[in-house]
Amino acid sequence: MTIENKTLARFRLPFWQRLTDWAPTGIGIIFGYSVLFILYFPIVMLMLLSFSGDPLTGIPGDWTITWYEDVIFADIAQRDGEAYGSNFRVGDPLLLSIMLAFITSILCVIAVLIVGPVLPRIKWRGPFLVGFLMPLMIPGIVGGVGLFMWYRLVIHVKMGIWSLVVAHFVWAFPFALLAMLVVASRFDTRLMEAAEDLGAKPWQRFWQIEMPILKPGIYAAGFFGFLLSFNELPFSIFMRAGQDTLPLYLWIQSGAHNTTVPLIYAMSTIITVGSIGLTFLAIKLAFGGGQNDVRQ
Amino acid sequence: MTTNVYTYRKPAGLRDYLPRLPAGVWSLSGFSLLWFGGIVLPLLAIIVVSFLQGRGLNINFDPTFLQYERFFSYGGGEMLARSVRIAGTVTIVELLLAFPFALWLAKGCKNNTVKLLTFTALTVPFFLSPAARVIVWRSVFGINGAVNQVLLGTGIVDEPVLWLIFSEFAVHFGFIGAFFPTMVWPIFLSVSLIDNDFLEASGDLGASRLRTLLHIILPLALPGIVAGFVFTFIPMLGDAVVASHMGGNNVLMLAAQVQSLIGVSNFLVAAALAAVVLAIMLAFQVLLWFALKPVGGLAGVFASLRR
């Protein structure tokens with residue numbers, strides 16, 4: 001029976017029998033988009049409520065930007081030593097988080113350039129992969145406690161900025177590596193051999209052959225490092241010393257007082273919009289440049 | 001006597017004594033040494049630490065089961081069982097919700113714009129602050145929240161519904177949205193790698209859709225299903241945000257317990273708890289390893305991406 005006959009035969013069926021054909025599709029669509037709705041509803045609500053007069057009721061309306069002003073002025077006022085309505089200070093955690101995100105991003109790019117191109121080519125890559133991707137399979141909180149125990153209890157090192165950098169790197173590196181491996185496993189090593197035969201020096205081979213081809217993976221690693229570090233929470237809980245990162249600060253504040261909740265909404269909205277913007281940029285840079293790729 | 005340029009030899013450096021390997025292998029070894037020595041080993045060492053005893057920051061190296069006894073006598077077993085039960089239930093619900101969706105996305109959806117938008121929608125949540133995603137539910141589900149106001153206003157209930165927040169229902173609900181993408185992605189990848197010819201051949205040979213699903217798609221998508229299970233269940237088990245925001249003090253899960261133990265400097269009991277979780281995680285890793293074996297292990301998954 002040819003396909004045309006089959007299609008024709010199907011159209012001759014009464015519609016309640018044809019129903020079974022698209023029912024599974026319908027279930028898939030309904031399930032998927034319902035959960036995506038549940039996933040995005042609070043994010044949209046967060047943005048609406050951050051501009052609302054009385055966010056705690058959960059009903060948007062009575063539009064205002066007073067919470068955003070408070071976020072900024074509360075920090076400035078306290079920096080100048082003046083009293084202000086709330087003791088919500090977001091400046092230092094924000095600076096720390098941005099700094100950490102930059103460092104993690106750079107470390108991720110370096111590490112991924114070391115590991116990514118070589119891993120697909122060596123024979124015993126299985127154990128390496130399992131080791132590198134291990135943080136993905138450990139709950140963040142257990143990973144944080146584990147590293148804390150080792151460094152603080154067993155070898156008695158004080159926590160500090162360095163430990164936050166380590167924690168964020170441990171969290172972001174597996175994701176960055178996965179992104180790089182997708183690109184690097186398609187890399188044709190004969191290109192490098194050809195370049196060598198044609199007399200290219202090692203740094204030339206790196207800059208002119210390897211870098212341009214691996215560029216999407218490098219971008220992805222950089223952005224993954226930045227965004228994952230910026231929003232990281234479970235590892236930071238244990239690997240900090242004194243200073244809070246921004247997610248940590250917001251999380252502690254949200255558990256503490258109801259008066260700061262509107263400010264948390266405003267701050268979270270700023271972060272969310274920023275993160276979504278960066279994600280779009282990352283997707284565009286990492287996977288949008290398909291036309292310029294060197295074809296194998 | 002003149003120097004003959006043709007017989008000139010560079011003085012022997014470190015490089016000449018090392019076996020001739022591509023430069024990349026050396027830097028990979030260096031990085032691996034740091035990673036395995038600084039990260040993987042310490043994480044596994046927690047199992048050893050959990051068998052030690054001591055007080056505060058001082059520990060003695062003599063093995064004991066004391067920490068485990070204390071952990072279970074503090075009601076740790078109950079808490080652990082609750083965490084595993086909630087995370088397990090939600091993971092199974094996620095699987096039932098995500099599988100038809102991933103199947104449709106991989107094989108059914110023909111519209112590229114819809115596909116791209118859906119992919120983006122499934123990617124963005126990975127990069128959002130975990131607290132920002134759930135914090136609003138408190139205002140929506142709270143005693144004076146939107147849902148209760150609507151219910152009271154329309155006269156469906158006479159007094160505020162309390163079980164909407166700080167309850168097991170709330171925790172389950174909060175998890176379902178937050179952990180959907182980690183279940184969809186692996187299943188989507190494994191289903192989209194199934195050759196369309198298999199599905200057509202199965203149909204041409206007279207198999208019903210159900211039969212094709214059970215005998216062709218399910219076995220071939222199994223690695224993705226197991227990967228999705230692991231990537232959803234494991235982070236959910238250790239989630240610090242949803243449980244504390246949605247469950248409050250009524251639904252204490254793993255993260256809260258670990259934090260309160262660390263908070264009172266009860267490090268070794270926390271180590272025992274972490275070791276139990278690590279053991280669960282290792283069991284899952286073995287499960288994942290067996291599930292990926294038919295496709296050539298984790299490395300095989302990447303090899304198949306090369307096509």
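Colleague: Among contacts in chain B between residues at least 6 apart in sequence, what percentage join residues at least 24 apart?
Modeller: This is a predicted model, and chain B holds 15 helices and two strands. Taking the chain B contacts between residues at least 6 apart, the share that joins residues at least 24 apart is 71%.

Colleague: What is the corresponding percentage in chain A for residues 24 or more positions apart?
Modeller: Chain A has 12 helices and zero strands, and its elements from the N terminus on read α-α-α-α-α-α-α-α-α-α-α-α. Of the contacts in chain A with a separation of 6 or more, those between residues 24 or more positions apart make up 74%.

Colleague: Which helix of chain B gives the largest share of the side that touches chain A?
Modeller: The interface joins 79 residues of chain B to 76 residues of chain A. On the chain B side, 16 residues, the largest share, come from one helix, residues 23-49, which is helix α2 of chain B.

Colleague: How many charged residues are on the side of chain B that touches chain A?
Modeller: The side of chain B that touches chain A has 59 nonpolar residues. Another 18 are polar, and the charged ones number two.

Colleague: Which residues of chain A are in contact with B:Ala274?
Modeller: Leaving aside neighbours within four places in sequence, its contacts in chain B are B:Ile46 and B:Val258. Its contacts in chain A are A:Val142, A:Val145 and A:Gly146.

Colleague: What is the handedness of the crossing of α8(A) and α9(A)?
Modeller: The axes of helix α8 (residues 190-197) and helix α9 (residues 202-230) of chain A come within 10 Å and cross at roughly 140 degrees. The handedness of this crossing is right-handed.

Colleague: How many charged residues are in the contact of α8(A) with α9(A)?
Modeller: From α8(A), A:Leu191, A:Met192, A:Ala195 and A:Glu196 meet A:Arg205, A:Ile209 and A:Glu210 of α9(A). By class, four of the residues in this contact are nonpolar, no residue is polar, and the charged ones number three.

Colleague: Which element of chain A has the lowest mean pLDDT?
Modeller: The mean pLDDT of chain A is 80, with 85% of residues at 70 or more. Helix α4 (residues 91-115) of chain A has the highest mean, 90. The lowest, 53, belongs to residues 3-12, helix α1 of chain A.

Colleague: Which helix of chain B has the highest confidence?
Modeller: Chain B averages a pLDDT of 80. Its lowest mean, 60, is in helix α1 (residues 14-17) of chain B. Where pLDDT is low, the predicted coordinates should not be read in detail. The highest mean in chain B, 89, is in residues 76-108, helix α4 of chain B.

Terms used. Residues numbered from 1 in each chain as written. Chains lettered and ligands numbered in written order. Predicted model: local features only at pLDDT ≥ 70, side-chain atom pairs only at ≥ 80, totals over all residues. Contact = placed C-beta atoms within 7 Å. Helix = DSSP H or I, 4+ residues; strand = E, 2+ residues; numbered from the N terminus. Nonpolar A, V, L, I, M, F, W, Y, C, P; charged D, E, K, R; others polar. pLDDT = per-residue confidence, 0-100. Axes fitted to C-alpha atoms, helices over the stretch in contact; angles between N-to-C directions. Left-handed = near helix turned anticlockwise from the far one by under 90°.
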